[in-house]
Amino acid sequence: MKRHHFLRVLPLLVVLFLIGSLAYQAFLAPNRFRGRTEIPVKVSRGSTFREIADSLEAAGILENKTLFQHAGRLLGWTKTMKVGRYVFKDGISNYEILSSLRTGRSIVPSSVTIPEGLTSKQIARILARDVGIDSTLFLHLVNDSLFSCQLGIDGASLEGYLMPDTYQFYWQMAEQEIIRSMVQQFQKVCGDTLARRAPELGLTPREILTLASIVEGEALVDSERAMIAGVFFNRLKRGMKLEADPTIQYLLGDGPRRVFYRDLLIDSPYNTYLYPGLPPTPISNPGKKSILATLNPGNHEFLYFVSDGAGGHIFSTTYEGHQKAVQRYRKLREMAELPADSTSH
């Protein structure tokens, strides 16, 4: 009787064993990465569960995509995947992957460095590449006066207020939050000093940033930033044109490149060879060193400077002295076959 009963329940036991084995494979079995300890993968906005499974398989994370998809559907977690950059460790199970995708537990930020002196358009390209943002929306927000006001910035644009630094941003983080982080970093680093010093220098905070963005484009040696700022302040006081090449580079659609004489004739309020005073807005987002140098300009009588051929500049108080320095630089350039440029002021 016992044997007969065992034979009757054997098929059921086999079925239960197979179900248990399949459930183990679908939910709890470790996925092995074949020599790698961890693998990153990105989940983007609008990705379907099938597309996510395809990405996980292509990255070498899933040993059996079909079982993973069945597990997700059985759990009902196929429509709750969070956007982000994930890092999964070797041996992780399908259940753990699905749980992480549902909660965002394994999302990690990316380190993104924004160099000094980039325009908002250039910053948008970096963020689109490294963080997957919508660069068009990013630029729209940068030039949205209402959004600027919400961030405490008076003006039609946030150009100049996007602080260069190294940030920890999440994959496809909201464009508004990225911009807010960069403006907050600007306020933290320079906001109070800028608000205090700008009136003392007879300029608005935005005008200081505009001048700092020009200094950023001119200075290669940190020790010269305040000197260069001082030259431009001296020119402004005397009603002289700034004649700054970085403002021309800003106008060039094919730049940065060598500035030619014909470029100096471009009719634009940003062309400081044609129009006196400062451009309407910053031409880039300057770094802390250039902003502080502009807030504390060198106290001197220099009105001109030209490259010395070694990364620095020769400063002059008179046009005659400046012309001699220009000729000296041209001879050095010819001797050393330095690339031609127009870094003469």
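Author: Contact means heavy atoms within 4.5 Å. The model above is predicted.

Reader: What share of the protein's contacts with a separation of 6 or more comes from residues 24 or more positions apart?

Author: Take the contacts in the protein whose partners have a separation of 6 or more. Then pick those between residues 24 or more positions apart. Their share is 62%.

Reader: How many helices and strands does the protein have?

Author: Both kinds of element are present in the protein. The strands number 6. The helices number 13.

Reader: How far apart are the centres of the positive and negative side chains?

Author: The protein has 40 positive side chains. It has 34 negative ones.

Reader: Is Arg34 buried or exposed?

Author: Arg34 sits in the loop between helix 1 (2-28) and strand 1 (38-43). Its phi is positive, near 60°, and it is not a glycine. The relative accessible area of Arg34 is 80%, and the cut-off is over 50%, so Arg34 counts as exposed.

Reader: Is Gln172 buried or exposed?

Author: Most residues other than glycine have a negative phi. Gln172 has a positive phi of about 55°, and its place is the loop between strand 4 (166-169) and helix 8 (175-200). Its relative accessibility is 15%, and the cut-off is under 20%, so Gln172 counts as buried.

Reader: Which two helices does the pair of Phe49 and Phe68 tie together?

Author: The structure holds 10 aromatic pairs. Phe49 and Phe68 form one that is stacked, at 5.7 Å centre to centre and 20° between the planes. Because the two residues lie in separate elements, the pair ties together parts 19 residues apart in sequence: helix 2 and helix 3.

Reader: What kind of pair do Tyr167 and Phe169 form?

Author: Tyr167 and Phe169 are both buried. Their ring centres are 5.1 Å apart. Their planes are at 5°, and planes under 30 degrees apart pass the cut-off, so the pair is stacked.

Reader: Which residue just after helix 4 takes a positive phi?

Author: Helix 4 covers residues 94-103. Its buried residues include Ile97, Leu98 and Leu101. Just after helix 4, a positive phi of about 80° is taken by Gly104.

Reader: How far is Asp144 from Lys89 in space, C-alpha to C-alpha?

Author: Asp144 is in the loop between helix 6 (135-142) and helix 7 (145-150). It is partly exposed, with a relative accessible area of 22%. In sequence, Asp144 and Lys89 are 55 residues apart. In space, C-alpha to C-alpha, the distance is 42 Å.

Technical notes
Residues numbered from 1 in each chain as written. Predicted model: local features only at pLDDT ≥ 70, side-chain atom pairs only at ≥ 80, totals over all residues. Heavy atoms only, no water. Helix = DSSP H or I, 4+ residues; strand = E, 2+ residues; numbered from the N terminus. Lys, Arg positive; Asp, Glu negative; His and termini not counted. Charge placed at Lys NZ, Arg CZ, Asp CG, Glu CD. Buried < 20%, exposed > 50% of the residue type's maximum accessible area, 1.4 Å probe, protein only. Phe/Tyr/Trp six-rings, centres within 6.5 Å; stacked < 30°, edge-to-face > 60°.
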